[in-house]
Amino acid sequence: GGGGGTNMFIYTSPSFSGATLTVAYQNDGGAAGVAESYDDFAIKYVPEMVEGLTLGYGQGDKNISVDVDDKKSTGYVKYAVGGFTLGYQMSESDHDTKTSGLDSHAYGVTYAVNDDISVGYSYHEVDMDSGRSTGTFTQESTGISASYTMGGMTLAGAINETDNMRGVDSNDFESYEFNLSFAF
């Protein structure tokens, strides 16, 4: 949701005791959808004393037009132990118009059964401002995935379901995907 275009400055620091900082600045010259300068930052922390833990936070602020700001922020935690990887993320988007705010949270877990087989489950919920439309409902998505690798071949699949897409009641979708890939 950030700006982008010419004259964007991005800096990523080296890791200091497990912390890495990334900052970006975009002046308004040539960026589509940006009325003034745009800036954001993110920090990722991998504490040395807790193996497998990663924490992160990022936020950005963009001026869309006169007196209309778009502010986004997100934070996450990921922990890998043994064959399990667990993750949780919360995000918020506040727009100065009353009908554009979003709050979401998501979590996922994957398990590497062995070097060849992995399975996973994920859940994502998006709460939209009630001013977006009458009868706005919470969007909920779930997914199950699995993969099997043998030599240079990988067979993978996923089944996903989304209810109340874009906050519209009964706007429900199901999808599946299966892949077979070969590495030579």
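**Notebook: tyrosines, a serine and a surface patch**

I began with Tyr-107, which counts as partly exposed at 38% relative accessibility. The model is a predicted one, and I read every entry below with that in mind.

**Entry 1: the ring pair**

I looked for aromatic pairs next. A search of the whole structure gave me 5 of them. One joins Tyr-107 and Tyr-121. I noted 6.5 Å between the ring centres and 45° between the planes, so I logged the pair as tilted. Which strands does this pair link? Tyr-107 sits in strand β7 and Tyr-121 in strand β8. The two residues are 14 apart, and the pair links distant parts of the chain. Tyr-121 has a relative accessible area of 34%, so I put it down as partly exposed. Tyr-123 joins in too: ring pairs tie Tyr-107, Tyr-121 and Tyr-123 into a cluster.

**Entry 2: Ser-104**

I stayed on strand β7, which covers residues 102-112 and holds Ser-104. Buried or exposed? Ser-104 is buried, at 17% relative accessible area. The cut-off for buried is under 20%, so the label follows. I then listed what Ser-104 touches, leaving out residues up to four places away in sequence. The contacts are Gln-89, Met-90 and Ser-91, along with His-124, Glu-125 and Val-126.

**Entry 3: Val-119 and the patch**

I moved to strand β8, residues 117-128, where Val-119 is found. Its relative accessible area is 36%, so Val-119 is partly exposed. I found Val-119 again in a nonpolar patch on the surface. Which other residues form this patch? I wrote down Met-49, Val-50, Tyr-79, Val-81, Phe-84, Leu-86, Tyr-111 and Val-113. Together with Val-119 they have about 750 Å² of accessible area. I also asked which strands supply at least two residues each. Both β5 (68-81) and β6 (84-95) do.

**Entry 4: the whole chain**

How many helices and strands does the chain have? I counted 0 helices and 11 strands. Read along the sequence, the pattern is β-β-β-β-β-β-β-β-β-β-β. The chain has 184 residues, and buried ones make up 21% of them. I took contacts between residues at least 6 apart in sequence and found that 32% join residues at least 24 apart. The chain exposes about 11,700 Å². Carbon and sulfur atoms supply 57% of that area.

Key. Residues numbered from 1 in each chain as written. Predicted model: local features only at pLDDT ≥ 70, side-chain atom pairs only at ≥ 80, totals over all residues. Heavy atoms only, no water. Patch = residues over 30% accessible without salt bridge, like charges linked within 9 Å, V, L, I, M, F, W, Y side chains within 5 Å. Areas by Shrake-Rupley, 256 points an atom, 1.4 Å probe, with all protein chains shown as cover. Salt bridge = Lys/Arg side-chain N within 4 Å of Asp/Glu carboxyl O. Helix = DSSP H or I, 4+ residues; strand = E, 2+ residues; numbered from the N terminus. Buried < 20%, exposed > 50% of the residue type's maximum accessible area, 1.4 Å probe, protein only. Contact = heavy atoms within 4.5 Å. Phe/Tyr/Trp six-rings, centres within 6.5 Å; stacked < 30°, edge-to-face > 60°.
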